[in-house]
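Hello,

Here is the structure I promised to pass on to you. Have a look, and my notes follow below.

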There are 2 protein chains.
Amino acid sequence: MKMDHEAAGLAQVIAGDTAISTVGKEGKGLTYRGYAIEDLAQEASFEEVAYLLIEGKLPTKSDLKKYQDTLKADQAVPDPILKILNELPKLADPMDVLRSACSVLGVIEPENKSHNTNNANNAKQIASRLIPFSASALLYWYLSNFAKVKQIETGENSIAGHFLHLLHDKAPTEEARRALDVSLILYAEHEFNASTFAARVCTSTGSDFYSAIVAAIATLRGPLHGGANEAAMKLIESFKSPDEAEAGILERLQRHDLIMGFGHRVYKDHDPRSNIIKAWANKLAREPKQVVMLSIAERIEKVMWQEKHLFPNLDFYSALVYHFLNIPTFLFTPIFVISRISGWSAHIVEQRENNKLIRPLANYIGPDLLPYLPIEERKG
Amino acid sequence: MKMDHEAAGLAQVIAGDTAISTVGKEGKGLTYRGYAIEDLAQEASFEEVAYLLIEGKLPTKSDLKKYQDTLKADQAVPDPILKILNELPKLADPMDVLRSACSVLGVIEPENKSHNTNNANNAKQIASRLIPFSASALLYWYLSNFAKVKQIETGENSIAGHFLHLLHDKAPTEEARRALDVSLILYAEHEFNASTFAARVCTSTGSDFYSAIVAAIATLRGPLHGGANEAAMKLIESFKSPDEAEAGILERLQRHDLIMGFGHRVYKDHDPRSNIIKAWANKLAREPKQVVMLSIAERIEKVMWQEKHLFPNLDFYSALVYHFLNIPTFLFTPIFVISRISGWSAHIVEQRENNKLIRPLANYIGPDLLPYLPIEERKG
């Protein structure tokens with residue numbers, strides 16, 4: 001007998017313990033290691049948040065300085081990977097490139113071999129390595145499509161600064177740095193979402209750190225997960241005015257199209273991250289074209305609430321923030337990866353601390369035992 | 001409050017429907033699409049089994065011929081991937097190499113772009129592409145460590161033949177072909193094991209075919225899953241006689257060491273695949289050294305049953321079969337991958353047919369809401 005479709009997808013199933021974040025008791029609020037997302041987005045930097053997630057506590061000034069220095073040193077991309085990136089086609093999907101680059105880094109700098117420390121430190125070293133590396137490798141590949149890339153290491157002290165500096169080949173404004181920084185904080189961690197869960201399933205077999213990150217990138221790639229911010233941008237851009245957007249959305253809803261960037265499996269009435277990033281979209285919208293885009297987005301938000309009682313999730317206004325920062329749409333999901341590596345890493349470390357193989361059962365709906373037919377007797 | 005550790009790992013949780021295989025009602029037996037594993041291992045070829053898993057029915061003679069021709073054509077490795085494989089270190093983990101090669105193939109021959117057919121066919125084309133490709137790419141990398149590889153395409157009609165021919169640079173005996181063929185049949189599919197489940201979690205976000213396979217390879221890599229056959233070989237090889245093995249196993253059990261290749265999450269009293277592959281180990285053991293190895297393995301089996309009521313699973317005697325076929329130990333887990341791509345592919349297609357995002361919940365055991373402390377006030 002088939003499973004109830006509502007019961008599928010492990011929708012109400014508790015798959016394990018976590019001390020890393022809570023996606024709201026009673027469906028509200030988000031904390032990382034006990035700190036409210038609102039406080040972190042207001043007061044902290046992404047580097048403090050990544051440290052918090054992976055180490056379990058906020059860094060002191062000297063902890064943070066040391067961590068920033070490590071992240072800065074880790075901006076480098078090894079020569080064999082540069083050669084490999086040169087072999088990849090210009091029109092490839094950046095998520096495929098990122099998945100491959102992180103996989104190959106795991107060949108070249110494998111866990112437990114390249115570092116002379118204990119396992120736990122080694123895992124954390126790889127975690128900090130992968131964050132700036134993924135930004136550098138992705139942008140090296142992307143920028144090489146246009147011109148020879150002279151320098152990958154920007155020497156910037158923050159991941160947001162490094163990404164924007166490398167992408168635009170100049171030091172970003174303080175406002176741009178902070179806008180991207182806040183977005184990275186909001187994307188850093190979200191409990192047992194699909195990509196994090198994939199990383200934990202992978203880790204549960206005793207696999208290595210890179211494998212778990214690669215499995216997570218592979219999983220985040222889907223439009224029902226990380227791909228939503230790009231889909232939201234394409235939706236907003238497809239309209240020329242708020243009225244056109246309203247008509248367009250109503251039409252899509254009538255066709256039962258899925259509107260990306262709205263609703264959430266766990267949150268039921270709002271996503272606490274949405275208002276934070278929406279405030280940044282408001283702040284960055286200055287040119288007339290940007291102001292129109294923002295009003296289109298706000299009209300879509302209004303119609304979605306009126307018609308479906310669906311609220312924007314983090315992906316919806318993040319798309320506008322990235323667009324206003326002059327980031328090409330097809331790099332939106334990779335930015336999600338760069339940030340979420342911090343959360344994934346915390347979950348890999350946590351899964352290892354109290355590991356049990358994650359191996360569910362299936363409900364069999366196939367045929368009963370069949371007699372084997374020799375190939376000559378089979379009919380087409 | 002912490003979860004009961006016994007309840008963790010989704011051990012008794014049904015995560016979805018499947019019509020592909022059943023890992024025994026009442027913990028016994030194994031069928032693929034309704035056919036008993038014993039019949040398939042006796043009568044069918046791996047190619048028939050892969051076709052059965054992916055297409056849902058046994059092939060006719062002309063179906064099989066067409067499928068074999070496709071697999072043969074798919075033995076090729078594109079030039080950019082050869083160049084990339086040349087960049088990878090000689091001492092790398094072959095599973096890391098395989099994970100990376102399949103990831104890069106997804107960049108170079110992406111889903112929905114390189115083929116002018118509908119989605120379903122495209123997925124199945126990639127499935128057949130990946131099976132011989134993974135054998136070719138892996139062995140190209142491995143053999144290049146010793147000498148320039150002149151020819152990757154062997155023109156062999158079977159995956160087992162292709163693998164052995166490429167590895168040993170000569171046409172294998174019929175007996176060797178069939179021994180590896182049977183092993184590939186036994187490894188092809190096993191319901192919601194961890195790697196298959198990872199592939200389904202990945203697929204559930206709408207991600208592409210290659211991403212799901214890469215996530216599965218990453219997950220299979222762990223010693224609690226695919227890595228067990230290599231660990232079993234190292235265990236058997238570590239003893240010089242059955243008596244030494246008995247003493248060694250008893251000692252390890254006293255230390256509560258995990259003995260790889262024994263027991264199973266789902267099977268409770270035997271693994272139906274074990275006797276089939278054990279018969280092949282018996283058949284292949286001819287040289288005195290091989291006969292001793294076999295008797296060491298049998299003594300380990302006996303002690304494990306007497307002491308722990310644990311039975312050998314597929315991995316234990318598969319290790320001996322591969323060893324007797326002169327396959328280096330560190331290629332054992334990659335062979336598991338080459339075979340299991342067929343089962344993973346069937347699950348990716350099935351997950352897409354009735355998709356729902358796989359996103360469980362977590363049990364939060366972290367701190368309650370904490371006040372945010374400015375960095376100056378934090379203590380180390």
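How many residue pairs are in polar contact across the interface of chain A and chain B? There are 50, counting pairs with both residues at pLDDT 80 or more; a polar contact is a pair of N or O atoms within 3.5 Å, where within protein one must be able to donate a hydrogen and the other to accept it, and residues adjacent in sequence count only if both atoms are side-chain atoms.

Some housekeeping before the rest. This is a predicted model, in which local features need pLDDT of at least 70 and side-chain atom pairs count only at pLDDT 80 or more, while totals for chains, interfaces and linings use all residues. Residues are numbered from 1 along each chain as its sequence is written, chains are lettered from A and ligands numbered from 1 in the order in which they are written, and side-chain values use heavy atoms, leaving out hydrogens and water.

Between the chains

Chain A and chain B each bring 106 residues to the contact (heavy atoms within 4.5 Å). About 9,300 Å² is buried between them, 61% of it from carbon and sulfur atoms; buried area is the accessible area (1.4 Å probe) that two parts lose on being put together, summed over both. On the chain A side, A:Arg359, A:Leu361 and A:Tyr372 lose the most area, together 9% of what that side buries.

The interface also has 10 salt bridges (a side-chain nitrogen of Lys or Arg within 4 Å of a carboxyl oxygen of Asp or Glu). One of them joins B:Arg378 to A:Glu48, with the closest N and O atoms 2.8 Å apart. Helix α5 (residues 94-108) of chain A gives the most to that chain's side, 9 residues.

Inside chain A

Chain A is divided into domain 1 (18-218 + 332-353) and domain 2 (228-324), with bounds from an automatic or database domain assignment. Their C-alpha centres lie 26 Å apart, and 23 residues of domain 1 are in contact with 24 residues of domain 2. The area buried between these domains is about 2,000 Å², with 66% from carbon and sulfur atoms. In domain 1, A:Glu175, A:Tyr187 and A:Phe332 lose the most area to domain 2, together 34% of what that side buries.

A:Glu175 also meets A:Arg286 in a salt bridge (2.7 Å, N to O), and the count across this domain interface is 1 salt bridge. Polar contacts here number 8 residue pairs, both residues at pLDDT 80 or more.

Best wishes

Technical notes:
Helix = DSSP H or I, 4+ residues; strand = E, 2+ residues; numbered from the N terminus.
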